[in-house]
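Dear colleague,

Please find the structure below, handed over for your use. My notes on it follow.

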Amino acid sequence: MSELHASPQKRDTILYLDGVSVSFDGFKALNNLSFYVLAGELRAVIGPNGAGKTTMMDVVTGKTRPDEGQVVFNGGVDLTALDEARIANLGIGRKFQKPTVFDTQSVFDNLELALAGSRGVFQSLGFRLTPEQRLRIDEMLETVGLTERRAALAGDLSHGQKQWLEIGMLLMQDPHLLLVDEPAAGMTDAETEETAQLLKRIAGDRSVVVVEHDMEFVRALDARVTVLHEGSVLAEGSLATVQNDARVVEVYLGR
Amino acid sequence: MRSAAGPIVTAVLGDATGRIVVGLLVAAAVAVPVLNLMVPAGSPLHVPPYVVALIGKYLTFALLALSVDLIWGFAGILSLGHGAFFALGGYAMGMHLMRQIGTRGVYGNAELPDFMVFLNWKELPWYWYGFDAFPFAALMVVLVPGVLALVFGWFAFRSRVTGVYLSIITQAMTFALMLAFFRNDMGFGGNNGLTDFKDILGFNLQAGGTRAVLFAASALAVAGAYALCRVIVASRLGRVLLAVRDAEGRVRFLGYRVEYYKLFVFVVSAMLAGIAGALYVPQVGIINPGEFAPANSIEIIIWVAVGGRGSLHGAILGAILVNFAKTYLTGAIPEIWLFALGGLFVAVTLFLPKGIVGTVPAFKFGGAGGGWRWRRLVPARGRSEERP
């Protein structure tokens, strides 16, 4: 694969976007976007509406093909040539903005479907859970606080519980990198705080990229922040640093 | 040691619904022929031959409805062209029955079916070769619809054609086939189709015994297809399909190749529809291009919707009830049938969105009261501790 730029963190870079551009009918959703995420890092991505946050996730997860640029995962794989299923199986999990779970199936079954392992059609016909896999699901139910609701239909969960279930499903995939789109949207303050703690626990073993609007939530994450604006990186650093950046203030407070 | 049979039996007969449906079908397969052949015609218990033929036809429709419910109810694939697979299975059987006529045709030509003699054809087209043999024809009954579904599904699902767009192209597919089969030079009898059959496997098609066996075969085919569908929907594959129905994007991002899952179930469904067509043709004695008509395919959807989408036994019930109503109404007041059918669909959509089995308590075999949930009707195997 292509040689990465002379990045000092080359070995420890899990995700590297290099000059990625995407346009829709002339509108440049991403404009020569470059940034990297380290292995084990928790990263917050913020930016005003239309800054390209969701498009960036679409490009990384294979939903959208960029017009230009490279997306290098785990030090060598170019993701721009692969489809969603392939990218998911390489170890990238994605949480949607609107909680997306399988409403007509139980919480347990939702986690089971996400369980890392074979994704083949014919294997799935004769699939049976092993005791170890069952234990993993039980542990995950505990992690996301849904043990009591294991038999409930996912459609009957509260909004916050659905968000947590979806995060649980992502973790069942055993990903190296999680892309999480506005996990705190529609949550109560207590749930928001718990979600931030959960994401902080997850990072370390894995890299987590969180796209978020809610500044309180970003503060609670206590992570390095990347500010996107008009499809490229406007500023990067700690929350305090970017909040004091004159350009960031201008973008957020109006022009 | 786990045997493979255990989970399969549980998936099919593990709940009251499965036992009732399979029980009723097997009972019908035995009782109706017995009451028709063994009980004298004067007895009140006698089942007259026309009823055997009628219910036998309904059962082939029930099998067709099952095939549609498998993809529509459990994978969200709304096919408005499933009549095409039914008709292709029917034509494959019809071609075999045509070859069985031999010299008994009007022209007494052992080499060519009557319609080809009439068209002045000199030799049998290559695609008629092999249909003399029943095993070959039986293979074609599932292979032709299966291959068409595979090719069609491959392009449609890989290009991610979903929802109403998919429905429209399935409709276009059956319409195109109808126009093709109407043409005389296609070699399938054109407008008139294939008819005038004499016998099947050496047994006279008009004989009571043959008709009783065809009836029993239809009932058992529905039972077998029902069992197969239950095994599929109770497996993890079935749960992936439900997940595709409810949130396709999520399934992709979990790493599943959605198109392969859809393709599998679409092909299985097309094969079941083909078998339904093959059982239909010897019982009604004719197959013609009218079976490809788009309206036929839409009617199947109405059967499933009336019975209850996504429950399997609802499809069987819906097909039988709607066709019974059709037989009755087209006899009693023929001019209102189409209005009644349209009205039925509107009424079911508005007032019974879950169909009869989702609404009428007597048909909720699985559980008492509460909301209708497919999971209560189809428990997954060996996972009972996950149930409430």
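Predicted model: local features only at pLDDT ≥ 70, side-chain atom pairs only at ≥ 80, totals over all residues.

L201(B) sits in the loop that joins β2 (199-200) to β3 (203-204) of chain B. Its phi is positive, about 50°, although L201(B) is not a glycine. L201(B) counts as exposed, because it has 10 C-beta neighbours inside 10 Å.

E230(A) is placed in the loop between β9 (224-229) and β10 (232-237) of chain A. With 15 C-beta neighbours inside 10 Å, E230(A) counts as partly exposed. As background, most residues other than glycine have a negative phi.

On confidence, the model scores ipTM 0.89 and pTM 0.91. For chain B the mean pLDDT is 90, and 92% of its residues reach 70 or more. The stretch to treat separately is residues 366-388 of chain B, where pLDDT stays under 50. The model has 35 contacts beyond four places in sequence for that stretch.

Next, the chains one by one.

Chain A contains 10 helices and 10 strands. Its C-alpha trace spans about 55 × 45 × 35 Å along the principal axes. Buried residues account for 45% of the 255 residues of chain A. Of the contacts in chain A between residues at least 6 apart in sequence, 66% join residues at least 24 apart.

Chain B has 15 helices and four strands. Its radius of gyration is 21 Å, close to the 21 Å from the globule rule for 388 residues, so chain B is as compact as a globular protein of that length. Along the principal axes, the C-alpha trace of chain B spans about 70 × 55 × 55 Å. In chain B, 49% of the 388 residues are buried. Among contacts in chain B between residues at least 6 apart in sequence, 77% join residues at least 24 apart.

How do the two chains meet? Contacts between them involve 24 residues of chain A and 24 residues of chain B. On the chain A side, α2 (84-90), α3 (107-114) and α4 (121-125) each supply at least two residues. By class, that side of chain A has 10 nonpolar, eight polar and six charged residues.

The largest nonpolar core has 188 residues, and the members that touch the most others are L63(B), A65(B), L66(B), V222(B) and Y226(B). Helix α10 (residues 258-284) of chain B gives the largest share of this core, 18 residues. Beyond its neighbours within four places in sequence, L66(B) is in contact with V222(B), A225(B), Y226(B), C229(B), L272(B), L312(B), A315(B) and I316(B). In soluble globular proteins, nonpolar side chains tend to be buried together.

A87(B) is in helix α4 of chain B. A87(B) is buried, because 31 other C-beta atoms lie within 10 Å and the cut-off is 20 or more. Apart from neighbours within four places in sequence, A87(B) is in contact with G277(B), I287(B), E291(B) and F292(B).

Helix α11 of chain B (residues 294-307) has 14 residues, which should span 20 Å at 1.5 Å a residue. The end C-alpha atoms of α11(B) are 21 Å apart, which agrees. Which residues of α11(B) are buried? They are S297(B), E299(B), I300(B), I301(B), W303(B), V304(B), A305(B), V306(B) and G307(B). The cover over these buried residues includes α3 (49-75), α4 (82-101), α7 (163-182), α12 (313-332), α13 (337-351) and α14 (355-359) of chain B. After α11(B) comes G308(B), with a positive phi near 125°.

Best regards

Notes: Residues numbered from 1 in each chain as written. Chains lettered and ligands numbered in written order. Contact = placed C-beta atoms within 7 Å. Nonpolar A, V, L, I, M, F, W, Y, C, P; charged D, E, K, R; others polar. Expected span 1.5 Å × (residues − 1). Buried ≥ 20, exposed ≤ 12 C-beta atoms within 10 Å, placed from the backbone. Rg over C-alpha atoms; globule rule 2.2 N^0.38 Å. Core = buried A, V, L, I, M, F, W, Y, C linked by C-beta atoms within 7 Å. pLDDT = per-residue confidence, 0-100.
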